[in-house]
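Here are my notes on the model you sent. Please read them with the structure open beside you.

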Amino acid sequence: MKLAKRLILTTTALVAVSAGTLLSASVGQAAPVQSARPGVDAPAALKVPDGNRLTGVFSAEGVQTYTCTDGAWKLLEPAATLWAKNDRSHRTVALHSRGPVWVSTVDGSAVNAAAIANSPKTGTIPELLLQSTATRGTGVFAGVSYIQRLNTRGGVAPATACTGADQVSVPYSATYTFYKPAK
């Protein structure tokens with residue numbers, strides 16, 4: 001059963017990538033946010049350092065997958081699709097997965113990052129500030145310096161004990177904001 005769920009998630013992600021590639025001409029202009037756009041609301045602990053500008057705001061839905069390790073749930077990986085915040089059609093423009101990494105389905109660019117700060121929220125996964133550890137390509141994620149995970153809902157590991165190699169995927173949603181160094 002667990003294998004079937006993972007196959008369904010993988011198939012869904014592949015379909016999203018294919019659809020994003022086909023829609024790249026129109027989505028490519030919808031994904032970036034204007035650099036003049038004001039910042040987003042974030043807890044003080046998650047503020048992006050001065051010298052960086054907001055370049056993208058994306059809504060995300062997916063799952064946080066947990067695996068049983070020594071009788072406790074441990075995060076294995078996220079899997080989510082992202083779309084431009086104001087795009088009512090929710091056309092996929094990026095995929096988020098283990099690393100963590102975000103890969104553009106429009107232009108193939110990617111950014112890896114590591115969490116450097118968090119802000120806990122009751123009943124949901126914490127909001128995060130992540131710093132880029134690597135970028136690839138020349139598209140929307142090229143040169144990204146910081147990422148915020150905000151407005152989180154769901155995704156919390158089960159409170160129950162686990163056994164063996166159990167896995168569980170918990171739905172979540174969030175807003176991801178991307179920043180690049182100001183020029």
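**Notes on the barrel and its pocket**

1. Strand β2 (residues 72-84) and strand β3 (residues 94-97) run antiparallel and are joined by three bridges. Thr-81 has Leu-95 as its bridge partner in β3. Two strands count as paired if DSSP finds at least two bridges between them. Strands are DSSP runs of E with at least two residues, helices are runs of H or I with at least four, and both are numbered from the N terminus.

2. A word on the source: this is a predicted model, where local features need pLDDT of at least 70, side-chain atom pairs count only at pLDDT 80 or more, and totals for chains, interfaces and linings use all residues. Residues are numbered from 1 along each chain as its sequence is written, and side-chain values use heavy atoms, with hydrogens and water left out.

3. Now the overall plan. The protein has two helices and eight strands. Along the sequence the pattern is α-α-β-β-β-β-β-β-β-β. The eight strands form a closed barrel in the order β1-β2-β3-β4-β5-β6-β7-β8, with antiparallel pairing.

4. Strand β1 (residues 52-69) deserves a look. For the protein, buried residues make up 42% of 183.

5. Which strands does β1 join? Bridges link β1 to β8 and to β2. There are 15 bridges to β8 (residues 167-181), which runs antiparallel to β1. Ser-59 has Thr-175 as its bridge partner in β8. Twelve bridges join β1 to β2, also antiparallel. Gln-64 stands opposite Pro-78 in β2. The hairpin of β1 and β2 has two residues between the strands, and Asp-70 there takes a positive phi near 55°.

6. Go back to the loop between β2 and β3, where Asp-87 sits. Asp-87 is buried, with a relative accessible area of 11%. The side chains of Asp-87 and Ser-89 make a polar contact of 2.6 Å.

7. What lines the second largest pocket? Its lining has 18 residues, and Leu-75, Pro-78, His-96, Pro-100 and Arg-149 lie nearest the centre. The largest share, four residues, comes from β2. Strands β2, β3, β5 (110-121) and β6 (124-136) each supply at least two residues.

Conventions: Buried < 20%, exposed > 50% of the residue type's maximum accessible area, 1.4 Å probe, protein only. Polar contact = N/O pair within 3.5 Å; in protein donor to acceptor, adjacent residues only side chain to side chain. 1 Å grid on protein atoms, 1.4 Å probe; cavity = no way out; pocket = protein on both sides within 12 Å on 5 of 7 lines; lining within 4 Å.
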